[in-house]
Amino acid sequence: MRLKTSLLKEPKHKELVSCVGWTTADELYSCGEDHQILKWNLLTNEASLVVRLPEDIYPTDLHWFPKTVGGKKQTQADIFVLGSTDGKFHLVSKMGRIEKSVDAHKGAVLAGRWNYDGTALITAGEDGQIKIWSKSGMLRSTLASQGSPVYSVAWSPDSDRILYTSGRQLIIKPLQPSAKVIQWKAHDGLVLKVDWNSVNDLILSGGEDCKYKVWDSFGRLLHSSVSHDYPVTSLSWAPDGEVFAAGSFNTLRLCDKIGWSYALEKPNTGSVFSLAWSADGTQLAGACGNGHVIFAHVVEQHWEWKNFVITLTKRRTMEVRNVLNDAVDILEFRDRVIKASLAFDHLVVATSLQCYVYNSRNWNTPLIFDLKEGTVSLILQAENLTHCSTSLLSHPPVSSSSSSSLRHFLLVDGSGLYTFSYEGRLISSPKFPGMRADILNAQSVSLSNDTLAVRDKSDEKVILFFDVLTGKALGDGKPFTHKMEVVEIALDQCGPSTERKVALIDKNRDLYLTSVRHLGREPKVCKIGSMVHSMAWNNSANILCGIQDSQFTVWYHPSVVFTDKELLPKTLHIKDSSEFSRAPHILSYVGAKVTLRQGDGSLVYCSVPPFAAILHEYSTSARWEDALRLCRFAKDQSLWACLAGMAMANRELTTAEVAYAAIGELPRVQYINFIREQPSKESSLAHMLMFTGQVQEAESTLLQAGLIYQAIQVNIDLFNWERALELAVKHKTHVDTVLAYRERFLQKSGRKETNKRFLQYSEGVEVDWEKIQSKIEMELSEEREKAAGVSVRSSVASRR
């Protein structure tokens, strides 16, 4: 990825250009110390004079009023705030008319910024004061007052905090008076510029120490650049938060969000005093010290999927290369490319006006449909298949056209979320209260073949789940609420919708797994890892990989935590991640290959043994003999542990017994034999549910089948004494049995009865062990006879 820059031969401004701002993706306004405001049309490459400002107005900063909020156009969108050295800020119309001038500061107004919805304006001055104004220019409050000039300010993503400079320090001040202020030393020289991105919640700063730095919203340093030759005079986040630009003297740099540099340009610009990205994030403009306005656009982006590598060579051109046969296809577009995604044998390209969908079998005839907005910020793809192919030795065949209509992808733009089929048909458009589609990213949204998951920005503990086909909230519409703020979410990609799982990383960097559909019950949330910094599901099997502390971990069968959580540590594949250099980030997990981005920006690849994915395929298709043969061939304990969990989840006791025996879990082998010896199917099912920890479901199964004693005995075995007595009293049977077992338990532990209920019933009930044993044996024999009668009747019916 790099910037392709362009400059006119002669500058249009006669003096230094101090600020620039985009009105649309193809129209820019620039202001300079020659008192001119120029309008640049990038379609015609022309610059025209909008207005010549009065001689006493020297512009310092420009910021346009937000055009849209939540997809709705603002009525006051055609004005911008212009700061000047005379201590005033001016509200200026698109035609150049000064609508209002306000005396704001003593000395120059150095910065002015609207909040995200345009309800407030903040200004910072040479007098060290920071003031908040209404959109009509009325003073609301003076937020801060200090001795040194404030060179730059930025709003937080929710517009509830302000970031500003104070000499060498950065300060985050909440708008609530009682809230805590965060302050830290950021640079060794004056801090000149700051920016705060609303999507990734990261902060940029640049200073006279010739460095730019990346911080999180708590003031923790994530990246510090090497020292440049000159002070960093301008910084700007791209709208989607994936990249940012930094400007210095004759220097323009494009960087990734974690700080490493994609490209360095050395244009003849003088100092770059201001940088601004267009709303679609494809174009960059800079205000230059020599009177020029520099324009740049991003090219040479890369996308990979299996044997295809796609490169954006020009704004409207892509190159597709098949690495198997070195075939090359050139894709031409009418408008410039904004976003693209390559996955599941399809390429989805969003331009400023249209969406193109290509099938990897035919690059010549894309499906094209129009877009409402040209500001697509995110594309996610999914594939809806009955089961995912896991053939890793050859490329899986492309699905038939009958199933392709069920495949879909998600487009996110400033106005909402939209799922489309690969035929271009709009499937659904999920909505929820307080939705801000403009700040969603790949960490806060996840798509599977039947479910859409979205982390709620208004409460980051909440995850909302939607049915892709209807766009409606799943279940009773009640969202899932985690105990802590969620940082990243990811839905698994395979299997039936009833077994859909979501993996989430919370603020403590703990990794959890929970079910998406839980049918009115409280969802079971299980922790499967800690200190996890990045994760990704496999595209063709429900295998999860992640960077966990100092190691690369693969959870071969994470769902085993719901079946037998003690098996989970035995199903892991672990590698030392030190070979991946500093702070690697997982980009994708396709087939047996994991793609990681290192802290310095380089790509590295890691292979994962293919056996677990093949085992998942055998389990899905109930090929248990093949699964056993695979495990015997591989001779890997983690595979045997996976097979044990898969077999128990599918109630395949014979396979589970062999798998548990192979990993030396003899108590579980004995319990499986005990399950087999149960007199009826209902008893066997209940004990299988007990095996997986579903005690209430096991009890309900027994009660529905009329097996009261078995339900009571389950609670006795688990020492749920009060529940056992409650069932016995309710059904008027086996009260003496519960009292007898309770008495024996207390005798062994050397304690006396203190429970009032047990004392009450023990007074009127005689405990006779012989009578109890005969009653139990009689009930069990009746259960066997009943089960045998059912099996005889079913076999006779089948013969008929």
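Guide: What follows is a chat about the whole protein and then some of its parts.

Visitor: What kind of model is this, and how are residues numbered?
Guide: This is a predicted model: local features need pLDDT of at least 70, side-chain atom pairs count only at pLDDT 80 or more, and totals for chains, interfaces and linings use all residues. Residues are numbered from 1 along each chain as its sequence is written, and side-chain values use heavy atoms, with hydrogens and water left out.

Visitor: OK, how many helices and strands does the protein have?
Guide: There are 14 helices and 57 strands. Helices (H or I, at least four residues) and strands (E, at least two) are DSSP runs, numbered from the N terminus.

Visitor: And what box do the C-alpha atoms fill?
Guide: Roughly 110 × 65 × 45 Å, taken along the principal axes.

Visitor: What share of the residues is buried?
Guide: Of the 800 residues, 55% count as buried. Buried means under 20% relative accessible area, exposed over 50%, and partly exposed in between (1.4 Å probe, protein chains only).

Visitor: How many positive and negative side chains are there?
Guide: The protein has 90 positive and 90 negative side chains, with the centres of the two sets 1 Å apart. Lys and Arg count as positive and Asp and Glu as negative, while His and the chain ends are not counted. The place of a charge is taken as NZ of Lys, CZ of Arg, CG of Asp or CD of Glu.

Visitor: Let's zoom in. Is strand 41 mostly covered or uncovered?
Guide: Mostly covered: strand 41 spans residues 416-421, and six of its six residues are buried.

Visitor: Which way do its residues point?
Guide: Gly-416, Tyr-418 and Phe-420 point one way from strand 41, and Leu-417, Thr-419 and Ser-421 point the other way. In a regular strand the side chains alternate between the two faces of the sheet.

Visitor: Which strands pair with strand 41?
Guide: Strand 40 (residues 408-413) pairs with strand 41 in the antiparallel sense over six bridges. Strand 42 (residues 426-428) also pairs with strand 41 in the antiparallel sense, over two bridges. Two strands pair if DSSP finds at least two bridges between them.

Visitor: Which residues sit across from each other?
Guide: Asp-413 has Gly-416 in strand 41 as its bridge partner, and Thr-419 stands opposite Ser-428 in strand 42.

Visitor: What about the turns?
Guide: Strand 40 and strand 41 form a hairpin with two residues between them. The hairpin of strand 41 and strand 42 has four residues between the strands, and there Gly-424 takes a positive phi near 85°.

Visitor: Which residues other than glycine have a positive phi?
Guide: Met-531 is one of them, with a phi of about 55°. Its place is in the loop between strand 50 (525-529) and strand 51 (532-537), and at 37% relative accessibility Met-531 counts as partly exposed. Lys-732 is another, with phi near 55°. Lys-732 lies in the loop between helix 11 (721-731) and helix 12 (735-749) and is exposed, with a relative accessible area of 75%.

Visitor: Switching topic, how many aromatic pairs are there?
Guide: A search of the whole structure finds 26 aromatic pairs. Rings of Phe, Tyr and Trp (its six-membered ring) pair if their centres lie within 6.5 Å; planes under 30 degrees apart count as stacked, over 60 as edge-to-face and the rest as tilted.

Visitor: Why is the pair of Trp-237 and Phe-244 edge-to-face?
Guide: Their planes lie at 70°, so the pair is edge-to-face, and the ring centres are 5.2 Å apart. Trp-237 is buried at 5% relative accessible area, and Phe-244 is buried at 0%.

Visitor: Last one: why is helix 10 largely enclosed?
Guide: Nine of the 10 residues of helix 10 (residues 708-717) are buried, so the rest of the structure largely encloses it. The buried ones include Ile-708, Tyr-709 and Ile-716. Helix 10 is followed by Phe-719, which has a positive phi near 60°.
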